[in-house]
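Subject: Structure handover

Hello,

Please find the structure below, for your files. My notes on what was found in it follow.

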Amino acid sequence: MSYPGYPPSGGYPAFPGYPPTGQESVYPPAGQYSYPAVPGGYPPAGGGTYPAAPPSAGYPGAAGYPAPGGYPAPGSYPGAPQAGGMPPYPGAPTGPGFGVPPAGPGFGGYPQPPAQSYAGGGPAQIPGYPGGQASSPMPGPPAAMAQCTQGTIQAAPNFDAGRDAEVLRKAMKGFGTDEQAIINVVANRSNDQRQKIKAAFKTMYGKDLIKDLKSELSGNVEELILALFMPSTYYDAWSLRHAMKGAGTQERVLIEILCTRTNQEIREIVNCYKSEFGRDIEQDIRADTSGHFERLLVSMCQGNRDENQTVDYQKAQEDAQRLYQAGEGKLGTDESCFNMVLASRSFPQLKATVEAYSRIANRDLLSSIDREFSGNVERGLKTILQCALNRPAFFAERLYYSMKGAGTDDSTLIRIIVTRSEIDLVQIKQMFTQMYQKTLATMIASDTSGDYRRLLLAIVGQ
């Protein structure tokens, strides 16, 4: 399968056998966020007693989750704080609601929200990775951040790269291809193990595994398998490069990656982008975007968000007041104030700010962003807040809209399944079921076919 126009003729090395075909990403229409409540709330400083805000329209009741084919109005995302006396989200412990002093530890007794955790370790040598070395595995997060998130793919026990390379060789040798044998290997090995299989294959047979796979596969299953064989950091960097090269820009891909990754992930992506493509990502962003959206993405690619997990409730109150005065509380909008707060504060701090904002403005912050912004900068700011409130729900929503309606946005479906498969796909599946009353596997099965469907379902699990 050929990829016309990639890599560009002038100047940067291609990853062997890549890239797969990219498709324009279909983002959820603006304002259609129906988030389920994230476990996790934060107590006011010193058990503070903010006055209860009067009830306001827009919060979902106990049955306020989107039924198949529908979703509530903007502002009724789960995870949004509710004024005192408003009905809680489904499955939440009953209590007085936000704006009423907590009766015990935590805000309304909610546990801390989940956060990503990564294994530590030194730089990994990965043959077949462009430049010869993969980025270092992510360091472990602070203790307060190390919560339970879980991927559907785990490293295979008793792993033997040579044996797997032999299985893949036999699956591709002779007339026809044994796609099921390939699926059985790639869907049940971690990304690090797949890099070792690539190296073993070249050592044993003197051939490039990626080139052999490309000659045997086609279409979406080819794109999915090639994505699985890309080292994680390279896949993010390649996705960003591909989103900005040529005519047009896939802004939703830039938002999905730059507004959701950790500082360490972003720094690794920026370095990989430079070393493998010979380009500066900040310069490419400036050339392909403009205005407040450009500034937000430049802020994101610095990888300098505060990652202190301790919440300063006084600062949350001050930031909430500042955001209100920059938007709802004045004629016009001070966009730089929103950029400063949302680009620099930690995710737990932003969650506390969202809660404080709802008490000050009697409206949730996502609704205010809906009213004050539009287009890509609105989507970017919302993505940051949604990750602060409930990251798995953000990706569940992206997956839903990649398959909803006529046609499938296969590149978005593939990218999210692959990039979250070892991080939090278990939680994404749970949120998907809660939000849409159907399982992710059910929707994938009805929207895809053949080996492509079999491989996706093998990664996702039932």
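This is a predicted model: local features need pLDDT of at least 70, side-chain atom pairs count only at pLDDT 80 or more; totals for chains, interfaces and linings use all residues.

**Helix H14**

Leu 365, Leu 366, Ser 367, Ser 368 and Ile 369 are buried in helix H14 (residues 365-372). Buried means under 20% relative accessible area, with a 1.4 Å probe and protein chains only. Helices are DSSP runs of H or I with at least four residues, strands are runs of E with at least two, and both are numbered from the N terminus. The buried residues of H14 pack against helix H11 (313-326), helix H12 (335-344), H13 and H15, where contact means heavy atoms within 4.5 Å.

Residues are numbered from 1 along each chain as its sequence is written, and side-chain values use heavy atoms, with hydrogens and water left out.

**The chain overall**

The protein chain has 19 helices and zero strands. Of its 462 residues, 56% count as buried. Among contacts in the protein chain with a separation of 6 or more, 76% are between residues 24 or more positions apart.

**H13 and H15**

Helix H13 (residues 347-361) and helix H15 (residues 375-403) cross at roughly 95°, and their axes come within 9 Å. Axes are lines fitted to C-alpha atoms, for helices over the stretch in contact, and angles run from 0 to 180 degrees between N-to-C directions. H13 is therefore roughly perpendicular to H15, a class that covers 65 to 115 degrees. On the H13 side the contact involves Phe 347, Leu 350, Lys 351 and Val 354, which meet Ile 384, Leu 385, Cys 387, Ala 388, Leu 389 and Arg 391 in H15.

**H2 and H19**

Helix H2 (residues 179-186) packs with helix H19 (residues 450-460) at an angle of about 20°, the axes being 10 Å apart. This makes H2 roughly parallel to H19, the class for angles under 35 degrees. Glu 179, Gln 180, Ile 183 and Val 186 of H2 make the contact with Asp 451, Arg 454, Leu 455 and Ala 458 of H19.

Regards

Key. Angles under 35 degrees count as roughly parallel, over 145 as roughly antiparallel, 65 to 115 as roughly perpendicular and the rest as oblique. Buried means under 20% relative accessible area, exposed over 50%, partly exposed in between (1.4 Å probe, protein chains only).
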